[in-house]
Amino acid sequence: METVVVLVAGGHGVATSLWCASPGAVLVRYDLAGLRSGVVRRWVDGSLEVLELEHGCVSCTLRHDLLPLLDALGGHVIVDLDPALEPEAVCLALTDRPVRVAAVVTAVDAATWLAEATGDEELVSDVPGDERTLAQVVVGRTEFADVLVVVGEPDPTLNAVLDRLSPGVPRVSLEGLPAVVAGLRRVPRFDQVTGSLLRGAPLDPAGDVGVVHFVASRPFHPMRLHVALDVLLDGVVRGRGRLWLVSQPDALLWLESAGGGLHMGEIGRRTDGVQEIVAITWKAAEFEIVSALREALVTDEEWALADELDFVDPFAEHEMEEL
């Protein structure tokens with residue numbers, strides 16, 4: 001029997017409510033609060049099992065418990081994800097399994113989401129070596145969702161941000177969630193190399209919310225870009241970009257920011273010379289972002305002498321975290 005899975009992130013009882021409205025479904029919930037000690041708590045339809053893993057890590061929990069469990073269960077399964085288990089990572093892990101992810105549902109707390117998404121607070125996590133910020137987790141699971149459940153009364157600012165972060169993604173109440181999930185068909189995962197960075201987001205500003213779309217045809221100077229990236233860490237909900245450096249002319253790099261957290265890494269070989277960065281902003285001076293990025297590009301002289309100059313590169317492979 002095929003296993004059909006709905007992944008639920010963000011808490012607020014959304015997974016339990018969906019389970020109660022889905023006869024025959026199995027509810028699986030994880031608590032990774034004891035992961036540092038190699039302990040994982042798992043509930044299946046309310047029945048608790050305490051698991052002891054040889055290595056306390058998120059990937060071990062996925063490989064050694066969640067994936068085999070989903071293979072074995074069959075039927076309709078709702079998985080209530082611990083914050084350490086991000087929906088995108090789970091979907092990637094399920095790619096080659098006999099399991100179909102029908103939908104990713106994320107709860108958005110109207111009272112706290114915007115502050116969390118633009119802050120630099122570290123994620124409270126028991127995962128060893130976990131350096132993610134709360135903003136990276138909150139924004140990532142919202143952006144990856146097929147449907148959003150907004151808990152509380154959203155204001156125009158939150159609606160404007162969600163319109164640009166997750167354009168076209170339905171936003172529903174708990175009561176309307178089962179019908180929407182039943183009719184969903186997941187879209188393919190975003191392609192970092194060829195996908196549209198704008199993703200259909202409206203470009204017109206809405207109050208304090210806007211979108212910066214920066215495009216340039218020459219490479220970045222590595223040190224000046226390193227300094228300029230600070231403009232994406234204040235007043236920016238989400239930044240994403242494909243770019244190249246004069247010091248790494250053959251590498252296509254991916255940039256991703258959320259609130260006060262940012263990651264960069266190589267995603268392939270560069271096939272053209274276009275830089276493209278998109279930033280969804282809130283209370284940010286958009287002209288300052290554009291100006292800082294433009295000043296980080298190489299000059300005519302630097303580009304002409306690129307093969308002769310020795311650029312100090314803080315984005316060298318050994319300095320960057322792989323994405």
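The model is predicted, so that local features need pLDDT of at least 70 and side-chain atom pairs count only at pLDDT 80 or more, while totals for chains, interfaces and linings use all residues. Residues are numbered from 1 along each chain as its sequence is written, and side-chain values use heavy atoms, with hydrogens and water left out.

Helices (H or I, at least four residues) and strands (E, at least two) are DSSP runs, numbered from the N terminus. Buried stands for under 20% relative accessible area, exposed for over 50%, and partly exposed for what lies in between (1.4 Å probe, protein chains only).

Helix H2 covers residues 58-73, and its 16 residues reach 21 Å from the first C-alpha to the last, close to the 22 Å expected at 1.5 Å a residue, where the expected span is 1.5 Å times one less than the number of residues. Within H2, a kink of about 30° lies at Leu-66, shortly before the proline Pro-68; the bend at a residue is the angle between axes fitted to the seven residues ending there and the seven starting there. Leu-66 is also among the buried residues of H2, which include Val-58, Cys-60, Asp-65 and Leu-70. Just after H2, Gly-74 takes a positive phi of about 70°.
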